[in-house]
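Me: Here is a structure I would like to go through feature by feature. Please keep the answers brief.

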Amino acid sequence: MISRHRRAVGVVLVLHGAAALAGLAPPWLLGTIVDRVTAGATVATVDRLALAIAGCVLASALLSRFAQYAGHRFGERAVAELREQFVTRTLGLPVSVVERAGSGDLATRSSVDVATVGTTVRDVVPTIVIATVQLTLLFGAVFLLHPLLGLAALAGLPSIVAVTRWYLRRASSAYLREGAESAELTETLTTTAEGARTVEALRLTDERVRHGTTRVTRVWQARRATLALRTVFFSVVEASYPLPVAMVLLVGGYLLSRDMVSLGAVVAAALYLQQAIEPLDRLLQWTEQAQRGFASFARVLGVGLVPPEEPPGTTAPSRGQRLVVRGARFSYAGGHDVLHGIDLEVQPGERLAVVGPSGAGKSTLARLLAGIDAPRRGVVSIGGRPVTDLDPAERRRRIALVTQEHHVFIGTVRDNLSFAAPDATDEQMRAALATVGADWYAELPDGLDTALGDGARQLGAAEAQQLALARLVLADPHTLILDEATAALDPSTARRTERALAAVLVGRTVIAIAHRLNTAHDADRVAVLADGRITEIGSHDDLVAADGAYAALWHSWHGQADER
């Protein structure tokens, strides 16, 4: 970051350095006044020296003001770049990695951690550099007054160095743990709030409260650990401050009694050391803040250490290539397999419905087909190439997975639709909305320019789902995987939308994870998934005639549909 802003950093350092040099003059001038008065100087001489002191103080203040201004400008630019890089790196990660990280962890990294890094870049680094320069100049000035005074000025350094080394050895891991625990707490609170209805429906309130309390306790323990480090660190440091001044006065008194230094020199040395307390205090305090900043920096830059999805440079699959699954097994996070040796072939242009009870592995199979996850064993391929080996951008454009979880971005309707097809015309966007039955579009006051999101028009779950399906129409993929993509719509609207999509997507491969069996009835083939295995596969009529698991599902659902 510094290398990209060499000129700005150079200006900041030059201004701070000039302010530090201007700040060295007043103690020396005051010592000179003492010596001149002792020698019988006139009032005019003292006035001139006092005026010089005032000028140096004013120059130091002005230079510090401009240095801070330049430092803040540099810091804000650097943090803006860092935030943009974080988003870019996150979007470049495999979707499965982002999902495993969780929204709470990513939210903490992109907000709290980036803000902490901003403070570090804007304030901490310049402060540490300039405080170090000031201390070097101040102690150097004391040595110039007399070497023995310089040695006496170092009396407090051994204890400060020792406690700083002790602190730094422990601080990094402690602050990393604090950041991780804060992210876990954010994740817990976010997921509990988002799933509040589910929590209440399943009577999980007490369990979520206990889980949240546990997370709060762990954050409290992590912050208590870092507080304990700061307590020891600052206590020893504060106790070390008076030692150099006391030693300089003792040694200076001894030297003065033997005419080895002047009284003005002793006064100047004491004032230099008193003046050194402020940059030393800033240096040590910001060293503590720097540990937070570097821990946050590690969390922000750590996203870039995850290998991105590298484009292999292979040609894109054509519309006439089969999607094949052979011996696919899959488990989440090293747990037991949720898919057990899946074998499946989907012909180009075929409409396949996947049905089965909850927890059978339907959504997991959809993720494997879309290339979001790779099977633990076996292969999922299209045109003879593993789906996960295809260029990520091309794969997402060619193979689209649409779930019942949809996001409405802050912006206009046009902005939300153009994500799928940046070159789409207004007429194409309106046609896509009409295709998915988005009747609410006609009521929008500004049409495609209507603002959506917080503080603007809020879309309900069904409307957001139709907006996502309109994106799908515009994206025009050759393989479409619908994971209960119409679940938020009422049955009649869902039926109309499915028929409209079928007409628009004719000739394309469509794999539908179905909870409404009308979808299965209209499909070319139906695959029944149970306990992670395909137990039946065939046309709707053949499976009903076989009187197996699918027939039982169909008769049960058809009876309920008739009642509705």
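Me: In which helix is phenylalanine 143 found?
Reply: This is a predicted model, where local features need pLDDT of at least 70, side-chain atom pairs count only at pLDDT 80 or more, and totals for chains, interfaces and linings use all residues. Residues are numbered from 1 along each chain as its sequence is written, and side-chain values use heavy atoms, without hydrogens and water. Helices are DSSP runs of H or I with at least four residues, strands are runs of E with at least two, and both are numbered from the N terminus. Phenylalanine 143 is found in residues 103-145, helix 4.

Me: Is phenylalanine 143 exposed or only partly exposed?
Reply: Buried means under 20% relative accessible area, exposed over 50%, and partly exposed in between (1.4 Å probe, protein chains only). Phenylalanine 143 has 33% relative accessibility, so the class is partly exposed.

Me: How much accessible area does the nonpolar patch of Phe143, Leu148, Leu151 and Met260 have together?
Reply: Patch residues have over 30% relative accessible area and no salt bridge; like charges are joined within 9 Å, nonpolar side chains (Val, Leu, Ile, Met, Phe, Trp, Tyr) within 5 Å. Areas come from the Shrake-Rupley method with a 1.4 Å probe, and for residues only the protein chains shown count as cover. Phe143, Leu148, Leu151 and Met260 form this surface patch, and together they have about 360 Å².

Me: How far apart are the end C-alpha atoms of helix 9?
Reply: The expected span of a helix is 1.5 Å times one less than its number of residues. Helix 9 (residues 242-257) has 16 residues, so it should span 22 Å. The distance between its end C-alpha atoms agrees: 23 Å.

Me: Within what arc do the buried residues of helix 9 fall?
Reply: Pro244, Val245, Val248, Gly252 and Leu255 are buried in helix 9. The arc is taken from the directions from the helix axis to the C-beta atoms. The buried residues line one face of helix 9, because they fall within an arc of 95 degrees.

Me: Which exposed residues does the face of helix 9 turned away from its buried side carry?
Reply: Helix 9 is followed by aspartate 259, with a positive phi near 55 degrees. On the helix itself, the face turned away from the buried side carries two exposed residues, Leu250 and Ser257.

Me: What is the order of the four strands in the open sheet?
Reply: Two strands pair if DSSP finds at least two bridges between them. Pairing in this open sheet is antiparallel, and the order is 2-1-4-5.

Me: What is the bridge partner of serine 381 in strand 5?
Reply: Strand 4 (residues 377-382) and strand 5 run antiparallel, joined by two bridges. Serine 381 has its bridge partner in strand 5, proline 386.

Me: Where is arginine 203 found?
Reply: Arginine 203 is not a glycine, although its phi is positive, about 55 degrees. Arginine 203 counts as exposed because its relative accessibility is 78%. Arginine 203 is found in the loop between helix 7 (196-201) and helix 8 (205-240).

Me: What is the relative accessible area of aspartate 531?
Reply: Aspartate 531 is in the loop between strand 11 (525-530) and strand 12 (533-538). Its phi is positive, near 55 degrees. Aspartate 531 is exposed, with a relative accessible area of 62%.

Me: How many residues apart in sequence are the parts tied together by arginine 218 and glutamate 181?
Reply: A salt bridge puts a side-chain nitrogen of Lys or Arg within 4 Å of a carboxyl oxygen of Asp or Glu. Arginine 218 and glutamate 181 meet in one at 3.3 Å, N to O. Arginine 218 lies in helix 8 and glutamate 181 in helix 6 (residues 157-194), so the parts they tie together are apart by 37 residues. Arginine 218 is partly exposed at 34%, glutamate 181 is buried at 8%, and the separation is 37 residues.

Me: Is aspartate 337 buried or exposed?
Reply: Aspartate 337 forms a salt bridge with arginine 329, with the closest N and O atoms 3.6 Å apart. Arginine 329 is partly exposed, with a relative accessible area of 29%. Aspartate 337 has 15% relative accessibility and therefore counts as buried.

Me: In which helix do arginine 430 and glutamate 427 both lie?
Reply: Arginine 430 and glutamate 427 form a salt bridge, with the closest N and O atoms 3.0 Å apart. Three residues, about one turn of the helix, separate them. Both lie in residues 426-435, helix 14.
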